Amino acid sequence: MANGLARLKVKERVEEAADAFRRSSFWESIFRPGSPFKRGYSDSPRNRSYVIMNNVLYHLHPVKVKRHAVRLSYTLCLGGLSFFLFILLTITGIFLMFYYRPTAPAAYIDVEALSTSVAFGSLVRNLHRWGAHFMVLTVFLHMSRVFYHGAYKPPREFNWVIGVVLLLLTLLLSFTGYLLPWDQLALWAVTVGTNMAGFTPMFGNQVKFALLGGIEVTGNTLLRFYVLHVLFLPFVIVIFMAVHFWRVRKDGGISGPL
């Protein structure tokens, strides 16, 4: 009997906590009006119309656009510039993949051959390298602009979290690509970076081993960083960018000063 009452109380507390979470501004920012997961949802004509009006495929642009959203500014283009640089890095990266082998004996030789033997190889490699630096800078400045304008406040707090994840993914893309030239600068930079990751509380050694594929930088590390750089991280960042753009549309377009 006592165990049954205790379980009932635990169940009630869990339901109360879940209901409080559904009433929070974070939950409200994720699910827009008309969503079945929205608090107080009912299958009414009003909610069905909300679903149609908020569908990004039916209505790509918001019904109303604020004046500041259509005014050209030197700060409001940072998000679009970051996306343009990502497209540039994708195109130049595919070009570089034709002439690069992610193995310890061949990586440095292939990078040298790109600068001396491949037509426009040096140009494409420099575009890729400097584009990566500029993308890190533009994403950081974009986040700074959003924070300065207070655009992380409701109802945009969920999209702010997505933006923070995109910033971390951008930094990881830059870090994994740093090893691919396989020169002394790259080797020691990655050694320092992975040693710093090794001091992560609780999971430090596991994180370091997962990145290096061993206890030090070897050919296994190069292969892992190559797969992360050209396959896994771009795939994940495209998904988060799609969610990010969708949320910008759902939240009423480009944010401005509050």
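Modeller: Helices here are DSSP runs of H or I with at least four residues, strands are runs of E with at least two, and both are numbered from the N terminus. On that basis, this predicted model has 10 helices and 0 strands. Read from the N terminus, the order is α-α-α-α-α-α-α-α-α-α. The protein has 258 residues, and 34% of them count as buried. Its accessible surface is about 16700 Å², with 70% of that belonging to carbon and sulfur atoms. Take the contacts between residues at least 6 apart in sequence: 67% of them join residues at least 24 apart.

Helix α5 covers residues 107–116, and helix α6 covers residues 121–148. Their axes come within 6 Å and cross at roughly 115 degrees. On the α5 side, the meeting residues are Val111, Leu114 and Ser115. On the α6 side, they are Gly121, Ser122 and Arg125. By type, this contact splits into 2 nonpolar, 3 polar and 1 charged.

Next, the loop that links these two helices. Ser117 sits in it. Ser117 counts as exposed because its relative accessibility is 61%, and the cut-off for exposed is over 50%. The Ser117 side chain also makes a polar contact, at 3.4 Å, with the side chain of Thr116. Phe120 lies in that loop between α5 and α6 too. At 64% relative accessibility, Phe120 is therefore exposed. Its backbone deserves a check. Most residues other than glycine have a negative phi. Phe120 has a positive phi, near 60 degrees, and is not a glycine.

Met202 is in the loop between α8 and α9. Met202 is not a glycine, yet its phi is positive, at about 75 degrees. Met202 is exposed, with a relative accessible area of 73%.

The axes of α8 (residues 184–197) and α9 (residues 204–212) come within 8 Å and cross at roughly 150 degrees. That angle makes α8 roughly antiparallel to α9, since the cut-off for that label is over 145 degrees. Helix α8 contributes Thr194, Asn195 and Ala197 to the contact. Helix α9 contributes Gly204, Val207, Lys208, Leu211 and Leu212.

His229 belongs to helix α10, residues 219–250. Its relative accessibility is 16%, so His229 counts as buried; the cut-off is under 20%. A polar atom of the His229 side chain lies 2.9 Å from the backbone oxygen of Leu173. Beyond its neighbours within four places in sequence, His229 is in contact with His128, Leu173, Thr176, Gly177, Leu180 and Pro234.

One more buried residue is worth a look. Phe158 is placed in helix α7, residues 157–178. Phe158 counts as buried because its relative accessibility is 17%. Phe158 and His244 are 86 residues apart in sequence, but their C-alpha atoms are 9.3 Å apart in space.

Back to the part you asked about. Between α5 and α6, the loop holds Ser117, exposed at 61%, and Phe120, exposed at 64%.

Methods. Residues numbered from 1 in each chain as written. Predicted model: local features only at pLDDT ≥ 70, side-chain atom pairs only at ≥ 80, totals over all residues. Heavy atoms only, no water. Axes fitted to C-alpha atoms, helices over the stretch in contact; angles between N-to-C directions. Parallel < 35°, antiparallel > 145°, perpendicular 65-115°, else oblique. Contact = heavy atoms within 4.5 Å. Nonpolar A, V, L, I, M, F, W, Y, C, P; charged D, E, K, R; others polar. Buried < 20%, exposed > 50% of the residue type's maximum accessible area, 1.4 Å probe, protein only. Polar contact = N/O pair within 3.5 Å; in protein donor to acceptor, adjacent residues only side chain to side chain. Areas by Shrake-Rupley, 256 points an atom, 1.4 Å probe, with all protein chains shown as cover.
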